Amino acid sequence: MQFRMIIPVLILLCGAIAIAGCTGTQTPPASPTQGTGTPVTPAGTGVPSGTLTTVPTDVLPGYNMVTVDVGEKDYLGIIPVTFQGGSGMNSITKVDIKLTRADGSVQTATVGTKKGDEVELQGTRGTGSERGPLDRVEVWVTTNQAQTFRIVDVLREYRSRG
């Protein structure tokens, strides 16, 4: 009789241990490394072409999570930036974009906070070569709690027609 009770109790105990090990919450890393970690030289200081780098971006809290896509630079040097929305789009009040061109000049823009809002930035246009100058695009979002996060920091390369 006791042997019959031990087997179900052991099965329930093993099941409880397996489930308890799988229910923990994972915390995201403090700052994912999407770049090299080397800060860019401030614009206007004569930055030579090709020395732009990215830095790690901030992690938005889950309730503020949004996506902003930075498209590829086309052969005319235009870089599209599109607000894609997300679960936290109602808490985002402002989306700022900063373009640092290969020649060191800076352009800023603001994109709307409705899904599909887009802005086109005029990046550095190449000379038709396969590989051309790099431009750096940073995207900053401001929440309704007046917190600002850098969520995108990417380099965009000139792409020829061919």
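This is a predicted model: local features need pLDDT of at least 70, side-chain atom pairs count only at pLDDT 80 or more; totals for chains, interfaces and linings use all residues.
Residues are numbered from 1 along each chain as its sequence is written, and side-chain values use heavy atoms, with hydrogens and water left out. The chain averages a pLDDT of 77, and 72% of the residues score at least 70, where pLDDT is the predictor's confidence in each residue, on a scale from 0 to 100. Over residues 24-50 the pLDDT stays under 50, and for this stretch the model has 37 contacts beyond four places in sequence, a contact being a case of heavy atoms within 4.5 Å.

The secondary structure of the chain comes to 1 helix and 7 strands, and from the N terminus on the elements run α-β-β-β-β-β-β-β. Helices (H or I, at least four residues) and strands (E, at least two) are DSSP runs, numbered from the N terminus. Of the 162 residues of the chain, 33% count as buried; buried means under 20% relative accessible area, exposed means over 50%, and partly exposed lies in between (1.4 Å probe, protein chains only). Among contacts between residues at least 6 apart in sequence, 60% join residues at least 24 apart.

We can now turn to the strands. Strands of a sheet pair through backbone hydrogen bonds, either parallel or antiparallel. In this description two strands pair if DSSP finds at least two bridges between them. An open sheet of 3 strands has the order β1-β2-β5, with antiparallel pairing. Its edge strands are β1 (67-70) and β5 (118-122), each of which pairs on one side only. The antiparallel pairing of β1 with β2 (residues 78-85) extends over 4 bridges, and within it Val-68 has Phe-83 in β2 as its bridge partner.

Strand β3 (residues 92-100) has pairings of its own. With β6 (residues 134-143) it pairs in the antiparallel sense over 8 bridges, and here Val-95 stands opposite Val-141 in β6. With β4 (residues 106-111), which also runs antiparallel to β3, there are 6 bridges, and Leu-99 has Gln-107 in β4 as its bridge partner. The hairpin of β3 and β4 has 5 residues between the strands, and in this hairpin Gly-104 takes a positive phi near 95 degrees. Thr-100 has its place in β3 and counts as buried, at 5% relative accessibility. Leaving aside residues up to four places away in sequence, Thr-100 touches Leu-52, Ser-105, Val-106, Asp-135, Arg-136 and Glu-138.

The loop between β1 and β2 deserves a separate look. Leu-76 is found in this loop and is partly exposed, with a relative accessible area of 36%. Not counting residues up to four places away in sequence, Leu-76 touches Gln-122 and Arg-125. Although Leu-76 and Gln-122 are 46 residues apart along the chain, their C-alpha atoms are separated by 8.3 Å.

Charged side chains form further links. Side chains of opposite charge can pair when their charged atoms come close. The structure holds 8 salt bridges, each being a side-chain nitrogen of Lys or Arg within 4 Å of a carboxyl oxygen of Asp or Glu. One of them joins Glu-72 to Arg-156, with the closest N and O atoms 3.7 Å apart. This pair links distant parts of the chain, since Glu-72 is in the loop between β1 and β2 while Arg-156 is in strand β7 (residues 148-157), 84 residues apart. Glu-72 is partly exposed, with a relative accessible area of 49%, whereas Arg-156 counts as buried at 14%.

Another salt bridge is formed where the side chains of Lys-73 and Asp-135 meet (2.8 Å, N to O). Lys-73 lies in the loop between β1 and β2 and Asp-135 in strand β6, so this pair ties together parts that are 62 residues apart in sequence. Lys-73 is buried, with a relative accessible area of 0%, and Asp-135 likewise counts as buried at 0%.

The side chains of Arg-136 and Asp-153 also meet in a salt bridge (2.6 Å, N to O). Arg-136 lies in β6 and Asp-153 in β7, so the pair ties together parts that are 17 residues apart in sequence. Arg-136 counts as buried at 2% relative accessibility, and Asp-153 counts as buried at 1%. Both residues belong to a network of salt bridges that links Lys-98, Arg-136, Glu-138, Arg-150 and Asp-153.
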